[in-house]
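Hi,

Here is the structure I said I would pass on. Have a look at it first, and then read on for what turned up.

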Amino acid sequence: MSASVERVLVQTTKLSTITIKLYRLMIIVRMGIFVLFFKWRISTARAMMSSPDTNDGTSTVRAMWTVSIAGELWFALMWVLDQLPKMQPVQRAVDIAQLDESLLPTMDVFVTTAAPDKEPPLVTANTVLSILAADYPADKLTCYVSDDGGALLTREAVAEAARFAALWVPFCRKHGVEPRNPEAYFFPSSAGVVAVVKRSDYKGRAWPELARDRRRVRREYEELRLRVDALQAGDMRRQRWSQLADGGSCWRRGTAEDHAGFVEVLVRPPSRTPELVVSDVNNHLLDLSSVDVRIPAVVYMCREKRHGHAHHRKAGAMNALLRASAVLSNAPFILNLDCDHYVNNSQALRAGVCLMHGRGGGGDVAFVQFPQRFDGVDPADRYANHNRVFFDCTELGLDGLQGPIYVGTGCMFRRSALYGVDPPRFRPHGDASSKDDVATETDKFGVSTPFHRSVRAVLNHSTSEEEWNSPFDGAAIGEATALVSCAYEDGTAWGRDIGWMYGTVTEDVATGFCLHRRGWRSAYFAAAPDAFRGTAPINLTDRLHQVLRWAAGSLEIFFSRNNALLRTGGRLHPLQRVAYLNTTVYPFTSIFLIVYCVFPAIPLLAGNATAGRTFLMMGTPPSATYIAFLAALMLTLAMVAVLEVRWSGITLGEWWRNEQFWMVSATSAYLAAVAQVALKVAVGKEISFNLTSKRRATSSGAGVKERFAELYAVRWTVLMVPPAVVLAMNVTSMAAAIEGGRWRKGPAAVLAMAFNAWVVMHLYPFALGLVGRWSKTLSPLLLLVALFTIRSLCFVLHIHML
Ligand SMILES: O=c1ccn([C@@H]2O[C@H](COP(=O)(O)OP(=O)(O)O[C@H]3O[C@H](CO)[C@@H](O)[C@H](O)[C@H]3O)[C@@H](O)[C@H]2O)c(=O)[nH]1
Ligand SMILES: [Mn+2]
């Protein structure tokens, strides 16, 4: 593609409004305040510790000061690591119309699914349908479904989807339907989606024709739903593909962790040219005259799994997909969607192709990460599922450096980048394959010769139809099956230098890190309407476990050879390195935070003057300097927040939710993650990958509160203990401070109370989650009443103890 075309495909503008300039300035000002503050704080602490008035309990005083300053230093460091990479955000616009239809590359879409009980087959079926109906030439698209559970149920559901696609895809093409996920299109409210086609914005053929076709297709879709339900009610989920003694194979009872490998082409690749139906009103459900009725190829596969063989979770599945697809369609671009993430904007694939060509001029983009958006989240987003600050600020900021961090679903890849080669910019003659002879290829890629051929084809940019023409025949399927056997990777570089990285439950961050370290770039694109949408955990327990997995995975990377501080490589932008450091150390915050939150409460709870005096300046009013510093730090924090909200376009409410849920996670999941990783480092105990449930809140009440009732259901988890303790300590100490009349003693007590109130405010979403269903009626006002009831209780208890 010529340079001029590249330029028009993507337009990149650096944000340089007055807002962003002020934002940068405020960040620098706040960092300056940090320096002055710590200078003052440390020297004061030294003086206090050596002063003669504090000789009772000197060790306690020392401990209190140390903990307090260590906490503040860590929080300041985390804030700096978080802010620095956000200072140069860019905005991208793509012009899809400039893409030359005949030059569109082929594309493989990988859908991963693992357990039909947590990932309903109907959800996977809908995802597959949305991919098949995407606006992309049918002969250039192949959809691969990887089923790590190896369940016949999933295979049947995907096959049902492929059959229904014959009706759904032409219907979408005929009327330009959006979104092309039938569940979201026909039943938007049950999926928690905003309503779809309105007569006013329908621009296709005649409206009455759409209304009639829609009715018919909907009836067929409802039948599909019934069929999938029936499949689910049967015994299929336990049937797996097994090898028989006589060498044959069949579906029979087996386990998700022990089954044979299986690759099956459910829909063969269509012809190269559109198949237009002439006129067939009588033969079909719909009049499809002059609509292209081809549907893209669909491949179902489950990799072999055996006890005693590590399967490396999603990363292992992605690597199996990468190899199996290589000997079939071998497309130069790969899109990965988790089974619950569907194509919401049918143009998304084309937008991804634009970015692959348009950034870094000439193929230096290894991946394009799209933001993850979710249906079915309650309007208040109580558990911060939308993660707006991360996607709309951090990823956007990184896009101005080397590129966004790879965070899983909704990411498009350049296949060659996954084969461990340097980006074109860093290759001596732009040629990637010449220096690798076959011997080293076997060490790296394993023994399959057809796979080596496919690698060479990709690295020589010759995967266009003329040169790569897989017959999808028996031999190719046999080769693909061998490539997904569990022993294939033994003694190779898979998971280390090739493909998706192993050794962490957040394979995404590690994989992206390795690509960036090699000098590849990435791009971020927030399409409108959203490119893809998926489901988010529906209750606090699921959400905390998801956050726990991410945090544990991050720490695993920190303790691996991919440590962002230690791994050398001059091609990694320094601020990009800072961002990776931030994403891999943040869970340590929990230790500092919990100690920091609980310590000030101790003297207040102890309820006597001596204990009170042992902590900081409890007995003496705080100095004016301290108040001034505190005010300056809070004020600059608020200003940075307001400016960030302004340039990124998120709301202040979303920013605040993020802060709140950060506190909830930091006092619960992050702490558990630190413990898990400590166990792993010490005794080698592996971290488990608990799948996130993709079930949607199914209650169909009219009001918002009824609709999200399941979200408020409480399921017990140990993770709830630490924040509950922090919350209780802070509430009771607040009560103790009021009741002990200590607030009259001066601003010190008031400050301590303000700190407590601050913590309580942050833990508010957690408190709501903890009380579950009641919270449907629990407004902030009621929470205040509850707090005061607890306060009175403490008062009574206190009198009894005296
Ligand atoms: O052994 C496994 C385990 C998981 N998966 C798939 O991996 C995906 C992600 O699992 P999920 O439980 O949905 O994790 P989330 O926390 O919701 O996902 C985010 O975080 C993961 C890393 O922890 C990334 O892999 C995901 O892409 C990203 O969206 C799903 O499609 C699973 O089917 C497998 O294929 N095999
Ligand atoms: Mn998910």
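Which strands does helix H5 lie across? Helix H5 (residues 152-175) lies across strand E3 (107-113), strand E4 (141-147), E7 and strand E8 (297-302), and runs at about 20° to E7. Helices (H or I, at least four residues) and strands (E, at least two) are DSSP runs, numbered from the N terminus. Axes are lines fitted to C-alpha atoms, for helices over the stretch in contact, and angles run from 0 to 180 degrees between N-to-C directions.

Some housekeeping before the rest. This is a predicted model, in which local features need pLDDT of at least 70 and side-chain atom pairs count only at pLDDT 80 or more, while totals for chains, interfaces and linings use all residues. Residues are numbered from 1 along each chain as its sequence is written, and chains are lettered from A and ligands numbered from 1 in the order in which they are written.

Now the overall picture. The chain has 28 helices and 15 strands. Of its 802 residues, 47% count as buried; buried means that 20 or more other C-beta atoms lie within 10 Å of a residue's own, exposed means 12 or fewer, and partly exposed is in between, with C-beta atoms placed from the backbone. Among the contacts with a separation of 6 or more, 83% come from residues 24 or more positions apart. A contact here means two C-beta atoms, placed from the backbone, within 7 Å.

On to the sheets. One open sheet has 8 strands in the order E7-E8-E4-E3-E9-E13-E11-E14, with mixed pairing. Its edge strands are E7 (262-267) and E14 (521-524), each pairing on one side only. On average, neighbouring strands in this sheet are turned by 20° against each other, direction ignored. For two strands to pair, DSSP has to find at least two bridges between them.

E12 and strand E15 (residues 532-535) run parallel and are joined by 3 bridges, and Arg 373 stands opposite Arg 533 in E15.

Back to the helices. The axes of H5 and helix H8 (residues 207-233) come within 10 Å and cross at roughly 175°. That makes H5 roughly antiparallel to H8. (Under 35 degrees counts as roughly parallel, over 145 as roughly antiparallel, 65 to 115 as roughly perpendicular and the rest as oblique.) Residues in this contact include Phe 164, Leu 167 and Trp 168 of H5 and Val 217, Glu 220 and Leu 224 of H8. By class, the contact of H5 with H8 has 11 nonpolar, 2 polar and 5 charged residues. Ala, Val, Leu, Ile, Met, Phe, Trp, Tyr, Cys and Pro count as nonpolar, Asp, Glu, Lys and Arg as charged, and the others, Gly among them, as polar.

Helix H16 (residues 540-558) and helix H17 (residues 574-585) pack at about 125°, with axes 7 Å apart. That makes H16 oblique to H17. Ser 554, Leu 555, Ile 557 and Phe 558 in H16 meet Thr 583, Thr 584 and Val 585 in H17, a contact with 4 nonpolar, 3 polar and no charged residues.

Finally, two helices seen by burial. In helix H10 (residues 348-358), 10 of the 11 residues are buried, so H10 is largely enclosed by the rest of the structure. In helix H27 (residues 764-771), the buried residues include Pro 765 and Phe 766.

Cheers
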